Amino acid sequence: MTRFAEGAFRPAPGRAPLGSMLLAQTRAETRLVLRHPEQLLLNLLIPMALLVGLSLLPLLSLPEPRVDSVTPRILALAVMSSAFTGQAIALGFDRRYGVIKRLAATALPRWLLVVGRVSAALIVVAAQLVVLGVLAALLGWQPAASGLVAAVVLVVLGTLAFGALGVLLGGALRAEVVLALANVVWFALLLAGGIIVPLDQLPDGLAAVVGWLPSGALAQGLDSVLTLGGWPGWQPLVVLAAWGAGAGLLAARTTKLA
C-alpha cells in the first residue's frame with residue numbers, strides 16, 4: 001500500500017503573492033467602473049459632447065482648426081473625470097456600504113488598495129482615450145506624431161496624480177461629502193483649472209496658480225506635445241509627478257475603512 005509522506009496534506013496558510021492580489025484587485029475595480037452607467041456619463045459621454053461642441057461651435061477663441069486645440073484638453077478632462085472624480089465617489093460609497101471594511105479582513109494591504117484603484121483607472125483611461133481619439137480623428141484631428149510618446153507619459157502621470165487625489169478624497173470623508181466635493185472640484189477645474197479655457201485666456205494671477213495644478217499641467221502639456229510635437233518641458237512632468245507622489249503617500253496613510 002502506498003503511503004504518503006508525513007505532512008503531505010498539512011495546511012499551509014498564507015496570503016497570495018502581492019502581484020496576484022494586485023491583479024485581482026485591479027480586475028475587480030475595473031469591472032465595477034464599467035458596470036455603472038453614471039460612470040459612463042461622466043467618463044465618456046460628457047467629454048464626447050464637449051469635444052464635438054467646442055470643435056464645431058465658436059464658443060471660445062481658439063486657433064483653427066479648432067479640433068486640434070480642443071482635443072488635448074478633452075483628453076485631460078477624461079483623465080480627470082475617470083481617475084479623480086469617479087475614483088473618489090466610488091471609494092466614498094464603498095466605505096459607506098462596508099466594502100472596504102470587508103477587504104480589510106483579507107490580507108490586502110492598504111497601499112495595495114490605492115495602487116489597485118489607480119491601476120484600474122489607467123485601464124479605463126486607456127479605453128476612453130481610444131474612443132475620444134477616434135471621434136476626434138473623424139472631426140479632422142491630426143496630432144503631431146513626434147509628441148505621441150510624450151503624450152503617453154503625461155497621461156500616465158496625470159492618471160496617477162488624479163487617481164491618488166481621488167483615493168485621498170474618497171478615503172477620508174463621508175460619502176455624501178465626497179459626492180458633493182468631488183463634483184464641485186470637477187466643475188471648478190473644468191472651467192478655471194486650465195482644461196477648457198487655456199492659461200493665456202485666464203487672468204494673470206489665476207493663470208500663474210493654475211499652471212501648478214495637475215489639471216493645468218496636464219492640459220497644457222498635452223496641448224503642447226500633440227499640437228507642436230516634442231516634449232513639454234520640465235514643469236508639467238514635475239508638477240504631475242509631485243502631486244501623484246504626495247497624494248499617494250498621504251492616501252496610503254489616511255484611507256479609512258468606514
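Residues are numbered from 1 along each chain as its sequence is written, and side-chain values use heavy atoms, with hydrogens and water left out. Because the model is predicted, local features require pLDDT of at least 70 and side-chain atom pairs count only at pLDDT 80 or more, whereas totals for chains, interfaces and linings use all residues.

The protein contains ten helices and zero strands, where helices (H or I, at least four residues) and strands (E, at least two) are DSSP runs numbered from the N terminus. Its C-alpha trace spans about 85 × 40 × 35 Å along the principal axes. Of the 258 residues, 47% count as buried; buried denotes under 20% relative accessible area, exposed over 50%, and partly exposed the range in between (1.4 Å probe, protein chains only). Helix H5 comprises residues 110-138, 29 residues in number, and reaches 43 Å from its first C-alpha to its last, close to the 42 Å expected at 1.5 Å a residue; the expected span is 1.5 Å times one less than the number of residues. Gly-140, which follows H5, has a positive phi near 105°.

Three salt bridges were found in a search of the whole structure, a salt bridge being a side-chain nitrogen of Lys or Arg within 4 Å of a carboxyl oxygen of Asp or Glu. One of them pairs Arg-73 with Asp-223, with the closest N and O atoms 3.6 Å apart. Arg-73 lies in helix H3 and Asp-223 in helix H9, so this pair ties together parts that are 150 residues apart in sequence. Both partners are buried: Arg-73 has a relative accessible area of 5%, and Asp-223 one of 18%.

A further salt bridge joins Arg-96 and Glu-176, whose closest N and O atoms are 2.9 Å apart. Since Arg-96 belongs to helix H3 and Glu-176 to helix H7, the pair ties together parts 80 residues apart in sequence. Arg-96 is partly exposed at 47% relative accessibility, as is Glu-176 at 36%. Glu-176 also forms a salt bridge with Arg-174, the closest N and O atoms being 3.8 Å apart. Arg-174 is exposed, with a relative accessible area of 61%. Through shared partners, Arg-96, Arg-174 and Glu-176 are joined into one network.

Arg-95 is likewise located in helix H3 (residues 66-96). Arg-95 is buried yet has no salt bridge, and the nearest side chain of opposite charge, Glu-176, is 8.7 Å away; Lys and Arg count here as positive and Asp and Glu as negative, without His and the chain ends. A polar atom of the Arg-95 side chain does, however, lie 2.9 Å from the backbone oxygen of Gly-170.

On the surface, Leu-173, Val-177, Leu-181 and Val-184 form a nonpolar patch with about 290 Å² of accessible area together. Patches consist of residues with over 30% relative accessible area and no salt bridge, like charges being joined within 9 Å and nonpolar side chains (Val, Leu, Ile, Met, Phe, Trp, Tyr) within 5 Å; accessible areas come from the Shrake-Rupley method with a 1.4 Å probe, and for residues only the protein chains shown count as cover. Leu-173 is situated in the loop between helix H6 (148-170) and helix H7 (175-192).

Gly-233 occupies the loop between helix H9 (214-227) and helix H10 (234-254) and is partly exposed at 36% relative accessibility. Gly-233 and Gly-221 are twelve residues apart in sequence, with their C-alpha atoms 8.2 Å apart in space.

Definitions and conventions. Polar contact = N/O pair within 3.5 Å; in protein donor to acceptor, adjacent residues only side chain to side chain.
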